[in-house]
Amino acid sequence: MITSKFPSNQANSSVLQHSHEMIDTYNYIRTMVKQENLYQCHDYLKCNKKNKRVVDAAFRSKVWQWITRMSECANLHSETAVMAMNYIDRYFCSSMRQPKSRREYQLVAMTSLYLAIKIFEQREIDATTISGLSGGLQSGQDILSFESSIVDSLRGKMQCPTALWFVHHSLQILTSYSAEYFVAQKLYHDSQRQIKLSVGDYACVCVRQSSLAIASVLNSLDEIGEVDFPLDKRTEFVQALHDAFGLKKDCLLITTVRKRLNLLLPKNEPMEDLREKIISYESPVE
């Protein structure tokens, strides 16, 4: 457990060392980083790359678009949609097999969304409604019958840390650096945009959630001017992130992930001007 290891700046160290909440944040992040291996995904579509009629990266992206669209329509939390996609990926990784058909993948997607809503949303949306949102391609009973298969495959681990979770806790560290409230808000929203784009990018499936989180925060930080967040405070904050996540400075992996996230952003459209784009509903099995 961490007891006193914080950024070395003497002006802040005495304050930080007496901050029990900050110590808890560091310890919590470190603990979740260590547990990530329990939820790590692998390239489960590698055997389907030559068979476009089954499931490939493009089809998976289409399913994510459908989940996003359904979440927007139902006014769900972003974390719920992200967790649903996490269930899909982990289901096929845990079962050690590739999807047999697009229809099977769609059933897993609908059931995963149903489970994520049941666990993370205060209001309930029944399986029949989820079926209706898909155009009835899978019945409510099909979803209910398949629910236990997903829970069993995931061994009941339904609340794993996601990149959004890591971003949220990372920005709790920011409060120690006298940053304006809107700076934290902007960092969160810009990081959230990148993470939601990364969820639909199959190249990011094997990337650790903590790596996606810190990469998105560092990218977003580049969009904050020095007037709003002075260089000295910014440098201390970045060092604090590296300490909390147990990363070395200029980590090649994080640099690579940052470049990938930047590539996912629409061209010629800076992060501060990026608006959420709703993709028109398109059945994920067509």
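Of the 84 residues in the largest nonpolar core, which touch the most other members?

## Nonpolar core

They are Tyr-44, Ile-67, Ile-88, Tyr-105, Leu-113, Ile-173 and Phe-237. A nonpolar core is here a set of buried Ala, Val, Leu, Ile, Met, Phe, Trp, Tyr and Cys residues joined through side-chain atoms within 4.5 Å. Buried denotes under 20% relative accessible area, exposed over 50%, and partly exposed the range in between, with a 1.4 Å probe and protein chains only. When residues up to four places away in sequence are not counted, Phe-237 touches Ser-170, Leu-171, Ile-173, Leu-174, Tyr-177, Val-217, Leu-221 and Phe-229; contact requires heavy atoms within 4.5 Å.

## Basis of the model

The model is predicted: local features need pLDDT of at least 70 and side-chain atom pairs count only at pLDDT 80 or more, whereas totals for chains, interfaces and linings use all residues. Residues are numbered from 1 along each chain as its sequence is written, and side-chain values use heavy atoms, with hydrogens and water left out.

## Salt bridges

The whole structure holds seven salt bridges, each defined as a side-chain nitrogen of Lys or Arg within 4 Å of a carboxyl oxygen of Asp or Glu. A network of these links Lys-186, Asp-190 and Arg-193. In the pair formed by Lys-186 and Asp-190, the closest N and O atoms are 2.9 Å apart. These two residues are separated by about one helical turn, because they stand four residues apart in helix H9 (residues 181–199). Helices (H or I, at least four residues) and strands (E, at least two) are DSSP runs, numbered from the N terminus.

Arg-193 meets Asp-190 through a salt bridge of 2.3 Å, N to O. Three residues, about one turn of helix H9, lie between the positions of this pair. Both Arg-193 and Asp-190 are buried, the relative accessibility of Asp-190 being 2%.

Another salt bridge joins the side chains of Asp-222 and Arg-258 at 2.5 Å, N to O. Asp-222 is in the loop between helix H10 (209–221) and helix H11 (231–245), and Arg-258 is in helix H12 (residues 252–264), so this pair ties together parts that are 36 residues apart in sequence. Asp-222 is exposed, because its relative accessible area is 55%.

Asp-56 occupies the loop between helix H2 (20–35) and helix H3 (57–73). Its relative accessibility is 12%, so Asp-56 counts as buried. A polar atom of the Asp-56 side chain lies 2.8 Å from the backbone nitrogen of Phe-59. Apart from neighbours within four places in sequence, Asp-56 contacts Leu-45 and Arg-102.

Val-199 belongs to helix H9 and is buried, with a relative accessible area of 12%. With neighbours within four places in sequence left aside, Val-199 is in contact with Arg-60, Trp-64, Val-82 and Met-85. Its C-alpha atom is separated by 9.6 Å from that of Ala-163, 36 residues apart along the chain.

## Cysteines

A disulfide is a covalent bond between the sulfur atoms of two cysteines. The criterion applied is a pair of cysteine sulfur atoms within 2.5 Å, and the search of the whole structure finds zero disulfides. Cys-41 is in no disulfide, and the nearest cysteine sulfur, belonging to Cys-93, is 4.0 Å away. Cys-41 counts as buried at 12% relative accessibility, while Cys-73 counts as partly exposed at 49%.

How values were computed:
A polar contact is a pair of N or O atoms within 3.5 Å; within protein, one must be able to donate a hydrogen and the other to accept it, and residues adjacent in sequence count only if both atoms are side-chain atoms.
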